[in-house]
Amino acid sequence: MSSQTSPLATQLLTQLSSTKNFHPTQQWLTAFMNTQKSTTPLPALTSTAVFRLLSSDITTSLSSDAPHCLPNDIHNVNVKERRLQGPIVVQLVGIEDMSKSRWEQIEAIEALERGEGTKGREIIRVTATEDDDDSSAGINKGGGPHKLSLQDAHGTCIYGIELRDIKGVGLGMRIGCKIILRNVLIARGVLLLEPANTTLLGGKIEALHKAWKENRKAELKAAIELSERTAQSNT
């Protein structure tokens, strides 16, 4: 099926843009439409497309045109304050609970690997289902604020600080989770996030998620060892 001439493909683009603010590249759209039947109803086609985009790397699946990405000078620390209107879709590439020590963060990651989450101070067993795309599944809440490392379709990365609790944000978030930013204040190159300007769509990039968990624990352990060596050398 040719996505350039298909009315169904045009309708799909409209649905993706209006419901999820997804603007897929022509290459992604063509490849996707070529795997679908021309008789597929639009709602079913849209659901399939959303599922695949949530599982994709947006640097290859979504448009990197200026209106859909972060400003080129977003890291300019000389700009004290400005507003990012959006909507802009980004994906999570890292997260840190700034209220937890390094050891506590390691323990939280390992608890999630065992399938455990927390409810208050109580440890509970978290059971994921095959259809569970919710980015908040297994979230370890109760800490925070969190520092999120976010990436746009162009590959630009930026930190965001959680000013107020955002539902679904926590150490159990899945790397690759898609997030919509709207009307976000930027202070010296850092996004100031709160529920009114941050919407979690869900999703996960399996390879990135696995690599992040492994690398994050190694980084935390290395930082602990360095801190211990430094303390010993100063005594």
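Predicted model: local features only at pLDDT ≥ 70, side-chain atom pairs only at ≥ 80, totals over all residues.
View 1. On the β1 side, strand β8 (residues 184–187) is joined to β1 by three bridges, and the two strands run antiparallel. The bridge partner of L84 is V184 in β8. The loop between β1 and β2 (88–97) contains P87, and the peptide bond that joins G86 and P87 is cis, with omega about 0°.

**View 2. The open sheet as a whole.** Eight strands make up an open sheet of mixed pairing, and they follow one another in the order β1-β8-β9-β6-β5-β2-β7-β10. The edges are formed by β1 (82–84) and β10 (198–202), each of which pairs on one side only. From one strand to the next, the twist averages 40°. Strands of a sheet pair through backbone hydrogen bonds, in either the parallel or the antiparallel sense.

**View 3. The pairing of β5 with β6.** Strand β5 (residues 146–151) and strand β6 (residues 157–162) run antiparallel and are joined by five bridges. Within this pairing, S149 stands opposite Y159 in β6. In a regular strand, side chains alternate between the two faces of the sheet.

**View 4. Helix α5 packed against helix α6.** The axes of helix α5 (residues 102–113) and helix α6 (residues 206–233) come within 9 Å and cross at roughly 155°; this angle therefore makes α5 roughly antiparallel to α6, the cut-off for that description being an angle over 145 degrees. The crossing of α5 and α6 is left-handed. On the α5 side the contact is made by R102, W103, Q105, I106, I109, E110 and E113, and on the α6 side by W212, K213, R216, K217, L220, K221, A223, I224 and S227. By class, the residues of this contact divide into seven nonpolar, two polar and seven charged.

**View 5. Helix α1 against helix α3.** Helix α1 (residues 7–20) and α3 have axes that come within 10 Å and cross at roughly 60°, an angle that makes α1 oblique to α3. The handedness of the crossing of α1 and α3 is right-handed. From α1, the residues L8, Q11, L12, Q15, L16 and K20 take part in the contact, and they meet L42, L45, T46, A49, V50 and L53 of α3. Eight nonpolar, three polar and one charged residues make up the contact of α1 with α3.

**View 6. Helix α2 against helix α3.** Helix α2 (residues 26–33) and helix α3 (residues 42–54) have axes that come within 12 Å and cross at roughly 125°, and the two helices are therefore oblique to each other. The crossing of α2 and α3 is right-handed. In α2 the residues W28, F32 and M33 meet L45, T48, A49, R52 and L53 in α3. This contact of α2 with α3 divides into six nonpolar residues, one polar and one charged.

View 7. A search of the whole structure finds one aromatic pair. The ring centres of W28 and F32 are 5.1 Å apart and the ring planes lie at 10°, so the pair is stacked, as planes under 30 degrees apart count as stacked. W28 and F32 are four residues apart in helix α2, and about one helical turn therefore separates them. Both W28 and F32 also belong to the α2 side of the contact with α3.

View 8. The loop between α1 and α2 is the place of N21. Although N21 is not a glycine, this residue has a positive phi of about 60°.

Terms used. Residues numbered from 1 in each chain as written. Heavy atoms only, no water. Axes fitted to C-alpha atoms, helices over the stretch in contact; angles between N-to-C directions. Parallel < 35°, antiparallel > 145°, perpendicular 65-115°, else oblique. Left-handed = near helix turned anticlockwise from the far one by under 90°. Contact = heavy atoms within 4.5 Å. Nonpolar A, V, L, I, M, F, W, Y, C, P; charged D, E, K, R; others polar. Pairing = 2+ DSSP bridges. Phe/Tyr/Trp six-rings, centres within 6.5 Å; stacked < 30°, edge-to-face > 60°.
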